[in-house]
Amino acid sequence: MAWFGRSKDRPEAEEKPAKKSGLFSMFRLGLQKTSELLRTDIRDLVTRKEGQLVDDWSDELFGILVKTDMGAGPAAEIRDYIASEFRGRRVHLDELLHAVKTKFLELLGHDDTSEPIEFAESGPTVVMVVGVNGAGKTTSIAKLAHRFTSQGKSVVLGAGDTFRAGAVRQLGIWAERLGVEFVAGQQGGDPASVAHRAATKTIECHADVCIVDTAGRLQTQRNLMQELEKIHRVISKVIPGGPHEVLLVLDATAGQNGISQASGFSEAAACTGIVLAKLDGTAKGGVIIPIRKKFGIPVKFVGVGEQPSDLAVFNVNDFVDGLFGPTVPSTENIVGEKEEEGGDDRSEPHVESV
Ligand code: GDP
Ligand code: MG
């Protein structure tokens, strides 16, 4: 389908240009699986129910929406909206997608930011990154470091996940690849001391940004939360006002389970924003709705791949366009009456193809 440029069968070379061509493309690629699920299932539903009133199949629409992990509440809201908007009517695919898209936008609200990171007014900015094991913290740090260096900033990475075997080395490899400073920790060592050394090094070498990695798991959850609080305190002692950002990384492939796993972090670490990683690997992109409901902090970035450039600044409009595609037109394009071959007496408006 023309909507989605990337297909597993296509050669890599064809994927790259689309990926570089702006935020919308990144969301389109990142949301490909969710979008395919939504569009294919909704299209199949509309085809199967052709000629039937929407009242008879809105519950099936609910089932499709729930599969994206948006949660039963929002899915019911969309279903009820569709049921009331189109009551007693037969619905065309385009207008249905448009209505679902409109409601989706409404559920997400608007809070676009062009630069999601709150940089320190003077002196270095410290970004602490937290989240459960495997969520995508270290990879997101590499992406953030890439973003900052692309902005002309110098970066120090602190390998504060001293608990997980190989975590320090993983970050060290990224630091080398990205050409940024690196402060290592000993496996099993004190992560707060790594954070202290990383912050100190940032000052010493007049770097602009320090990004501190943290563990996703310790012997107990309580230990972990205490450790995160300690790292927070240590950073603020070395760099007053720091950490300026505490980003909670959530694994989109875990859907709503990921939300409950991560809920303790946001309080313990005083998180300031969310990075929704691995959006490209899941059809559960609808999880963005419960994420924005559950955590009272903005989604700042989404991860759409494993490369340093695979990070997009979150933006509601691009996200929803990525989900429903640019060919679902805006309200202004809803026109007249649908003319169907063989004569159809339905009186509802339809959406002009664009
Ligand atoms: P951490 O334990 O939280 O530090 O997680 P990692 O950064 O080590 O990531 C765990 C796995 O997820 C690695 O294999 C990463 O390559 C992969 N990963 C992280 N972010 C993304 C993403 O946005 N997309 C995809 N497809 N994979 C990702
Ligand atoms: Mg890690």
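This is a predicted model: local features need pLDDT of at least 70, side-chain atom pairs count only at pLDDT 80 or more; totals for chains, interfaces and linings use all residues.
Reader: What makes the eight strands a sheet, and in which order do they stand?

Author: The eight strands form an open sheet in the order S3-S2-S4-S1-S5-S6-S7-S8, with mixed pairing. Strand S3 (181-183) and strand S8 (311-313) each have a single partner strand, so they stand at the edges, and one side of each is left without a neighbour in the sheet. From one strand to the next, the twist averages 25° on average. As background, strands of a sheet pair through backbone hydrogen bonds, either parallel or antiparallel.

Reader: How do you know that S1 and S4 are paired?

Author: Two strands count as paired when DSSP finds at least two bridges between them. Strand S1 (residues 125-130) and S4 are joined by four bridges and run parallel, so they meet that requirement. One place to look is Thr125, which stands opposite Val209 in S4.

Reader: What is on the other flank, between S2 and S4?

Author: Strand S2 (residues 155-158) also pairs with S4 in the parallel sense, over four bridges. There, Gly158 has Val212 in S4 as its bridge partner.

Reader: Which way do the residues of S4 point, and are they buried or exposed?

Author: In strand S4 (residues 209-212), Val209 and Ile211 point one way while Cys210 and Val212 point the other way, and all are buried. Being called buried takes 20 or more other C-beta atoms within 10 Å of a residue's own.

Reader: Why is S5 called mostly covered?

Author: In strand S5 (residues 245-251), seven of its seven residues are buried. Glu245, Leu247, Val249 and Asp251 point one way, and Val246, Leu248 and Leu250 the other way.

Reader: Which strands does S5 pair with, and over how many bridges?

Author: S1 and S5 pair in the parallel sense over four bridges, and Val127 stands opposite Glu245 in S5. S5 is also joined to S6 by five bridges, again running parallel; the partner of Asp251 in S6 is Ala277. The threshold is at least two bridges, so both pairs qualify.

Reader: What links S6 to S7?

Author: Three bridges join strand S6 (residues 273-277) to strand S7 (residues 299-303), and the two run parallel. Val275 stands opposite Phe301 in S7.

Reader: What makes Gly152 count as exposed?

Author: Gly152 has 7 C-beta neighbours inside 10 Å, and the limit for exposed is 12 or fewer, so Gly152 counts as exposed. You will find Gly152 in the loop between H7 and S2. Gly152 and Asp208 are 56 residues apart in sequence and 9.3 Å apart in space, C-alpha to C-alpha.

Reader: Which residues come nearest to ligand 1?

Author: Of the 19 residues around ligand 1, Gly136, Lys137, Thr138, Thr139 and Gly303 come nearest. Helix H7 (residues 137-150) gives the largest share of that shell, three residues.

Reader: How many residues of the shell are nonpolar, polar or charged?

Author: The shell around ligand 1 divides into four nonpolar, ten polar and five charged residues. Gly is among those counted as polar.

Note on methods:
Residues are numbered from 1 along each chain as its sequence is written. Chains are lettered from A and ligands numbered from 1 in the order in which they are written. A residue is near a molecule or strand if its C-beta atom, placed from the backbone, lies within 6 Å of it. Axes are lines fitted to C-alpha atoms, for helices over the stretch in contact, and angles run from 0 to 180 degrees between N-to-C directions.
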